[in-house]
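Please read this note with the sequence and the model side by side. Each point may be checked against the coordinates in turn.

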Amino acid sequence: MLNLLDQTSDQLRGWFAERGLPGYRARQVWRWIFARRAERFDQMTDLPGQLRQALNAAFRLWTSRIAAHQRADDGAEKLLVEMTDGQRVECVLLRDDRGHCTICISTQAGCAMGCAFCASGMDGLARNLTSGEILEQMLRLQQCLAAGERISHIVVMGMGEPLANLDNLLPALALAASPEGLGISPRRVTISTVGLPEGIGRLADENRPYHLAVSLHAADDDLRSRLAPANRRWGVAAILAAADDYFTRTGRRVTFEVVLLGGVNDRPEHARSLVERLGGRPALVNLIPFNPVAGLPFAAPRSADVARFADTLRAAGLAVKIRYRKGDAIDAACGQLRRRERGQE
Ligand code: SAH
């Protein structure tokens with residue numbers, strides 16, 4: 001049986017057309033799922049009974065189950081979502097004091113990039129998620145919202161490397177952006193990548209103003225290759241060239257993320273080398289203090305070092321944001337909840 005959410009809008013319209021039915025039926029189905037939060041076809045009461053039965057026979061509507069649900073005092077909620085084959089991924093809802101509801105979703109079960117400090121890649125890549133499985137995380141998180149709350153932003157910063165699964169991510173984001181789906185503007189969607197130049201190029205080809213975030217961590221190739229081994233293949237120069245090209249073609253300012261690891265990449269010389277590499281760009285640098293992962297030989301940076309690092313970048317004219325940790329109580333660094341539930345932590 002097909003997963004309904006794996007169908008693009010065109011495919012679903014095609015399914016109706018093959019049965020001699022008008023295209024607006026597809027719109028009605030999406031509306032039930034995305035806006036009215038229906039969980040079963042028999043709730044779609046403005047569709048003829050026979051049609052509901054035919055849909056029910058052809059498509060599955062939910063393929064995942066929630067294996068764990070955590071809530072933190074700051075309003076963050078985290079779900080561990082289990083797919084039909086037992087693979088588990090994490091997704092998160094973050095609420096801020098401006099009324100924004102940001103969801104963070106995963107694109108792969110596991111990850112092949114092997115970043116030294118990240119929990120998600122510790123067991124390698126199991127598989128890509130389908131576009132339906134990516135959308136299902138959005139819907140599951142939407143179900144956590146109170147009346148009156150709406151998803152305002154999507155960050156693709158959960159488990160996995162999004163640009164290694166663009167074939168499934170792009171259709172999911174297209175439906176999320178469409179008025180038939182969640183109606184979230186691509187400008188409010190951030191895609192975070194370890195820095196795959198080809199994938200960045202493909203994303204630019206999409207011609208949609210997604211916000212791109214590149215996980216840079218260090219400007220120097222030796223150190224960056226130690227922290228993010230994918231760097232060995234491409235190198236910092238190629239990644240920055242792809243990011244510059246993305247900015248030129250989309251007009252969207254690129255964010256560079258730096259996970260600060262105490263004593264490893266948080267020293268004044270590391271800040272200076274970032275300034276040298278990034279200087280002159282209209283870039284935003286997002287400093288992320290490391291969220292400790294059991295079993296990994298890294299420590300959180302001292303807050304004085306984070307502040308000094310930020311000052312050095314700012315003094316050179318770069319825009320800087322420090323990502324204060326949210327949802328600490330709920331294992332918010334991606335991959336940590338999954339490991340704990342498996343007894344690996
Ligand atoms: N593969 C994508 C998405 C990964 S998660 C990427 O590399 O960007 C999003 C961000 O969280 C990345 O910048 C990643 O480096 C960072 N991250 C991973 N583990 C972390 C941890 N334990 N503490 C803080 N940030 C972490």
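1. Basis. This is a predicted model, in which local features need pLDDT of at least 70 and side-chain atom pairs count only at pLDDT 80 or more, while totals for chains, interfaces and linings use all residues. Residues are numbered from 1 along each chain as its sequence is written, and side-chain values use heavy atoms, with hydrogens and water left out.

2. Domains. The protein is divided into domain 1 (2-60) and domain 2 (65-341); such bounds come from an automatic or database domain assignment. Taken over C-alpha atoms, the centres of the two domains are 33 Å apart. To the contact between them, domain 1 gives 15 residues and domain 2 gives 17 residues, where contact means heavy atoms within 4.5 Å.

3. Nonpolar core. A nonpolar core is a set of buried Ala, Val, Leu, Ile, Met, Phe, Trp, Tyr and Cys residues joined through side-chain atoms within 4.5 Å; buried means under 20% relative accessible area (1.4 Å probe, protein chains only). The largest such core has 104 residues, and I33, M138, I154 and L287 have the most contacts inside it. Helix α5 (residues 166-177) provides the largest share, seven residues. Because domain 1 (2-60) and domain 2 (65-341) both give residues to this core, it lies between them. Leaving aside neighbours within four places in sequence, I33 touches L4, L5, A38, M44, L61, L139 and Q142.

4. Helix α6. Helices (H or I, at least four residues) and strands (E, at least two) are DSSP runs, numbered from the N terminus. In α6 (residues 197-205), the buried residues are P197, G199, I200, G201, L203 and A204. These residues pack against α5, β10, β11 (211-215) and α8 (231-250). Just after α6, N207 takes a positive phi of about 60 degrees.

5. A polar backbone atom of V194 is 3.4 Å from an oxygen atom of the ligand. On its own the ligand has 530 Å² of accessible area (Shrake-Rupley method, 1.4 Å probe), of which the protein covers 93%.

Terms used
Buried means under 20% relative accessible area, exposed over 50%, partly exposed in between (1.4 Å probe, protein chains only). A polar contact is a pair of N or O atoms within 3.5 Å; within protein, one must be able to donate a hydrogen and the other to accept it, and residues adjacent in sequence count only if both atoms are side-chain atoms.
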